[in-house]
Amino acid sequence: MTQRRPFFVTFLAPAVLTAVILAAALFEVLQYSVRTFIPGSLDVGGLTLDNFVRINRPIYWWVLLDTFYISLLTAIFSLLLSYPVAYALVRAKRDWVRSALVSLSITPLFTGEIVRTFSWMLTLGSDGFVNSILRKLSIIDMPLQLMYTRFGVVVALVQFSMPVMIILLATAIAHVDRDCEKAAANLGASPTAVFWRITLPLTLPGILSGIIVVFAWTMSAFSTPQLIGGGKVLMISNLAYLQGFSVLNLPFAATLSLIALVCALGSLALMKSATGRLEKRLAIN
Amino acid sequence: MRSFAFWSLVVAILVYMTLPTIVVLMTSVNPTEILAFPPQGVSFDWYVKALNYRDFQVAFQNGLIVTGCASTLALIVGSAFAWLVQRYQFRGRGLLEAVLWSPLIIPHFTLGFGFLLLGGAFGLQQGYVMIVLAHMVLVMPFVTRAVYVSLSNIDPNLARAAANLGASPFNVLVRIELPLVLPGMAGGWLIAAVLSLTEFTASLYVTGSRTQTLPVAMYNYIREYADPTVSAISAMLIIATTLIMFIADRTFGLRRVLAIDTH
């Protein structure tokens, strides 16, 4: 056995060790989520389900609903803005246009969330770029309130999620069989009809996975609602941080972190089943 | 498609995507304290201030230590794991894969919180060990993926030919396979390093005031002061990561590593 599987144990051991450490860290979150909070102490008491019961209060429900709402808005607008860019990226005739589009749309992925969030703070602030320009042009007298609003948070989150959405959509568009489009055009369909009735339906699996990936990703966003929301817009991540580091209620923070994890996993499971079904249906047609 | 309206729309969307970057670059060279538009001139005072700010210096060094250790560990463990997954069927493989890919889905604040609590259980909270472990786990999927893709592209006959000619499994690995996956490993390592260097949310949980990394130091600065020092740091980070990614794309074919297929 070892003869036919060289390096098996040597290569497996570090991976298993890493997996164990990761699982231990997640287990700690689970473990804290079922512990009693002792006010004024970082130590926790015995086993309890109180933290999960506590979620049932309206204030926490609102935070959860707001998290879903913001994530949904972000996913929808991200899709609407990313589709044209992805389409241009795949179908552009010239090589340099394609390269430029890839670079422009992908590099923001690697600048990190703090840099990107800070950039949006400068853009949206009351003395920020947008307000200065609008005032110079005498379109407004008083600065618009863009910071600390849900609108501002969504504007920033959409931009963050677009690189991922563009990658997923571009892959889907690249896989569309051009012969189907040509056939439709030959049979007299206008370019608009070809797009709406051939290209768009064929990229539906990509659209669906894009929406769900961005939705799940946005639900775990932290720094954008933290800094641009500034406490006025609370998502589940901000509530968990607040409970953990200001209230020092580690068990409840753990419960909220666990719920966020379950939501992310749930979205992914939803995506798997939805895209699977969709692909089957497309294959039949 | 070729129409003027379509391309105007695409350009407008790209302006929205790049506007914040342009604004941050503009404010970083603006001499005035308040964030005024349009810029009143060009000065590099904020760069000097940022580079001389003690917290940023320490945080940058911390970040380099963490990134160096975390991405290198992720490279070693991730490459070995990619090799296993590509070559062998074994019991528990599905579970192991599920656990090691999961950091792509797990919210960073959940993961950071978990490592904070785990560190607490071993008296290692806010220490480098936990920070490095958290970063390693977060960036490893990217290395594993990069190495897996390059391994899959190797012609299996090369290894068979070498083995038939009498090369030991060790020799096949080191002299045939390793040189062929080296570009993938290097590309994966670079992506891991950039992601670790700019990671914020998990770092906020696992670092302390002495061990904070650059993004955490920037966050703490933003909350207290409103001057363009952070613009200067951001501008430097934007330029550095863009350059690294450009070079990586030219050298290792980053688009293939990230599986961005446009053809």
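How many residues sit between β1(A) and β2(A) in their hairpin? The legends below take this one up and then move on to other spots.

This is a predicted model, where local features need pLDDT of at least 70, side-chain atom pairs count only at pLDDT 80 or more, and totals for chains, interfaces and linings use all residues. Residues are numbered from 1 along each chain as its sequence is written, while chains are lettered from A and ligands numbered from 1 in the order in which they are written.

**View 1. A hairpin in chain A.** Here β1(A) and β2(A) form a hairpin with 6 residues between them. Strand β1 covers residues 35-37 and strand β2 covers residues 44-47 of chain A, and the two run antiparallel, joined by 2 bridges. (Strands are DSSP runs of E, at least two residues long; helices are runs of H or I, at least four; both are numbered from the N terminus. Two strands pair if DSSP finds at least two bridges between them.) Look for A:Phe37, which stands opposite A:Val44 in β2(A). In the turn, A:Gly40 has a positive phi of about 80 degrees.

**View 2. Where chain A touches chain B.** In this view, 76 residues of chain A are in contact with 66 residues of chain B; contact means that C-beta atoms, placed from the backbone, lie within 7 Å. Helix α1 (residues 8-33) of chain A gives the most to chain A's side, with 17 residues. Sorted by class, that side has 52 nonpolar, 17 polar and 7 charged residues. (Ala, Val, Leu, Ile, Met, Phe, Trp, Tyr, Cys and Pro count as nonpolar, Asp, Glu, Lys and Arg as charged, and the others, Gly among them, as polar.)

**View 3. Two helices from two chains.** Zoom in on A:Leu81, A:Pro84, A:Val85 and A:Ala88 in α3(A), which meet B:Phe6, B:Leu9, B:Val10, B:Ile13 and B:Leu14 in α1(B). The residues of this contact divide into 9 nonpolar, no polar and no charged.

**View 4. B:Asn171 in its helix.** You'll find B:Asn171 in helix α8 (residues 169-198) of chain B. B:Ala159 is 12 residues away from B:Asn171 in sequence and 9.7 Å away in space, C-alpha to C-alpha.
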